[in-house]
Every structure is written in C-alpha cells, then in structure tokens.
Amino acid sequence: MKKENPEYHVPVMLQESVDALQVKPGGIYVDCTFGGGGHSKEILRRLGSEGKLIAFDQDADARNNLPEDDRIIFVPHNFRHLQRFLKLYKIQAADGILADLGVSSHQFDEGDRGFSTRSDEAGLDMRMDQRQEITAQTVLSTYSEQQLHKMFEMYGEVTNSKTLARNIVEARRTTPLRTIADFKNAVHAIVKGNPNKYFAQVFQALRIEVNDELGALKEMLEQVPGVLNEGGRIAVITFHSIEDRIVKVFFKDGGFEEKDEHDLYGGSKKTDLKVITKKPLDPSENEIKKNPRARSAKLRVAQRI
C-alpha cells in the first residue's frame, strides 16, 4: 500500500460501514466514493488474494491516494455509471457496495475548489469533476429567480430562500459574481441568523446542484438490485436529511416517493432489497470528538434478497 494520506480525508464510520458489508475474502466489492482511500483500505485488508475492489471517484485528486495493489480497479468517473463500468470490466455482480456521500476534507481544505466559505478569494467553482462545464458561478449567473429559490429551499433548507434568490438576481445585474467574496458581499444584507451556518446551507445547495448529487445518487441506487449478488449488501453513509430520505425510501420501497408503495393496480411495490438497519446507525461520541465532520453522518444498510 502507498502511505495513507491522513490529511486528505478521515473515513467516517469506518468499522461500522465495512462490518456491514460482511466482506468475504474472495468477494467483489465496490467503493463508490474512493476519496482518501480509507474505506477501500479496510475492505482490501479483509479481502484475500482472489478478492477484487472496484473504486469510483470523479475527483482527479483521488487518484493520488491509490494503493499499489493489483486487486483494485480504479474508475475515474461518477458512481452513477456503476453498472456500465462493472460490465466494462466483465464483472457480472458484486458482493457489496459502499458509498460515503460526504465531501472529503481535502475538497473543503483546497481553497481554490470553492467548497469552503472560508476561502473568500476563491472562484465560485464547486465541481467534484473538473471536466464538467457547469460551476457555481454558472448557476448564480444564469438561473432564474424561481430556479434559485427552489434550489436554496430544497437543497439547503434556507429559511429566506425566496429573498435570497431575488437579491442574487438584483445584484448580478450590476456586479459580476466571480468569487466567494463577491457572492458574500452581494447578499450580506439579507443573511439570517449565524452567518457561518447560513452560508453553509447556501453552499450545500449550490454544491448539490452543480454536481447533480441527488440525481447521481438516485441513478446509482436504481442500479443496485441489478448488480448485487443474492445476499450482497449495500451500505450508504449520508450527511443531510435529503440524501438520507432518498436512501431510506429506496431501501424500503424500491422507489423515491412514499406513494410508490403501491402500484397502479393497488398491489404493493416489490423491492429486491431487505432493510438491515431499521433505524440509521450514528457515529459514536468518540468518533465525533475526534472528527467533528462526522456529526451529521447516518449509515443505512440493505441486503439483496
């Protein structure tokens, strides 16, 4: 293994999530969000010489954390392409899938990526995959007032999302929004409550929109029953209520809306997944003390039946 870079990202709920997969020495496993490689390293530790790990990460920086291990296949793309790349590598099915949906510490700490509210001079970027065209600046400069309102309301649960959207549209008529400082200055008059918390919610909404995080999550989940072996498990770590609800409802009903529980003919909607965690698992108090970013994490697990 390469020497692990502890500064890149501290893996959240490491033992709980990998334990949930019930790793078999000769099995095939998928880490949908390789990042700093913490979860992958633990899976590889439990695999035998015949085991395989497929690691996805759309962030080019993650490649620097790859171990020197011929059991791992690295896929530099979003996990929404899960089934496509498993087929490409002639893998019929996996025995376990892990997805840690959090933004890595590295991404927050790299100021020029624009993920952190602390980096005032950084551009409004927020792309996980630098190959894509849309950035946070694109969103703030081109979205209509209604689109901005809905985005901040749905993805950031910003209390004055309508006022915020109107303020952005008015501000951009006279001032280009290029940097984080530009944005903060444009909206400072309507910030509600604690500014740090307020901008964290606003930036969350922008990041989710720029990277189509919820769309990617839904696409990946829909592919899971078709790529997991019988008895195989999926473990997903979420960091906000929107993601958690998507995972919860899909594991339970095989869809994304509560009304999907019954089909058009009145029967129950069938799902190929059995919920293992009736309630999500939370990180321990000890882990939260060591890594405060783990505080909002929730782990849900399901099994292919």
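Contact, in these notes, means heavy atoms within 4.5 Å. I also keep in mind that this is a predicted model.

**Entry 1: overview**

I started with the whole chain. I found twelve helices and seven strands in it. Of the 305 residues, 53% count as buried. Then I looked at contacts between residues at least 6 apart in sequence, and 66% of them join residues at least 24 apart.

**Entry 2: Glu209 and helix H9**

I went to Glu209, which lies in helix H9. What does Glu209 touch, leaving aside its neighbours within four places in sequence? I get Val139, Tyr143, Met151 and Tyr155. I also checked Glu209 against Phe152: they are 57 residues apart in sequence, but their C-alpha atoms are 9.5 Å apart in space.

Next I took H9 as a whole. It has 16 residues, and its first and last C-alpha atoms are 22 Å apart, close to the 22 Å expected at 1.5 Å a residue. I listed its buried residues: Tyr198, Phe199, Val202, Phe203, Gln204, Ala205, Leu206, Arg207, Ile208 and Val210. Gln204 and Arg207 are on that list, so I noted them, using under 20% relative accessible area as the cut-off for buried. The cover over the buried residues of H9 includes H5, H6, H7, helix H8 (180-187) and H10.

**Entry 3: helix H6 and the residue after it**

H6 covers part of H9, and I looked at H6 next. How far apart are the end C-alpha atoms of H6, residues 145-156? They are 16 Å apart, which agrees with the 16 Å that its twelve residues should span at 1.5 Å a residue.

In H6 I find Leu148, His149, Met151, Phe152, Tyr155 and Gly156 buried. An α-helix has 3.6 residues a turn, so residues three or four places apart point the same way. I read the H6 list with that in mind: Leu148, Met151 and Tyr155 are among the buried ones. Met151 and Tyr155 are also among the contacts of Glu209. What covers the buried residues of H6 includes helix H5 (136-142), helix H7 (161-171), helix H9 (195-210), H10 and H11.

Just after H6 comes Glu157, with a positive phi of about 50°. Glu157 sits in the loop between H6 and H7.

**Entry 4: the loop between H4 and H5**

I looked at another positive phi, at Met126, where the value is near 70°. Most residues other than glycine have a negative phi, which is why I wrote this one down. Met126 is in the loop between helix H4 (105-109) and H5. With a relative accessible area of 0%, Met126 is buried.

Ser119 lies in the loop between H4 and H5 too. Ser119 counts as buried because its relative accessibility is 18%, and the cut-off is under 20%. I then checked Ser119 against Ala181: they are 62 residues apart along the chain, with 8.2 Å between their C-alpha atoms.

**Entry 5: two helix pairs**

Two packed helices are described by the angle between their axes and the distance between the axes, so I looked up both for two pairs.

For H10 (residues 213-227) and H11 (residues 241-253), the axes come within 11 Å and cross at roughly 20°. H10 is therefore roughly parallel to H11, as angles under 35 degrees count that way. The crossing is right-handed. From H10, Glu213, Leu214, Leu217, Lys218, Leu221, Glu222 and Pro225 take part, and they meet Ile242, Glu243, Ile246, Val247, Phe250 and Phe251 of H11. By class I have nine nonpolar, no polar and four charged residues in this contact.

For H1 (residues 14-21) and H2 (residues 38-46), the axes come within 10 Å and cross at roughly 45°. That angle makes H1 oblique to H2. H1 passes H2 in a right-handed crossing. I see Leu14, Gln15, Ser17, Val18, Asp19 and Leu21 of H1 meeting Gly38, His39, Glu42, Ile43 and Arg46 of H2. Sorted by class, this contact has four nonpolar, four polar and three charged residues.

Definitions and conventions
Residues numbered from 1 in each chain as written. Predicted model: local features only at pLDDT ≥ 70, side-chain atom pairs only at ≥ 80, totals over all residues. Heavy atoms only, no water. Axes fitted to C-alpha atoms, helices over the stretch in contact; angles between N-to-C directions. Helix = DSSP H or I, 4+ residues; strand = E, 2+ residues; numbered from the N terminus. Parallel < 35°, antiparallel > 145°, perpendicular 65-115°, else oblique. Left-handed = near helix turned anticlockwise from the far one by under 90°. Nonpolar A, V, L, I, M, F, W, Y, C, P; charged D, E, K, R; others polar. Expected span 1.5 Å × (residues − 1). Buried < 20%, exposed > 50% of the residue type's maximum accessible area, 1.4 Å probe, protein only.
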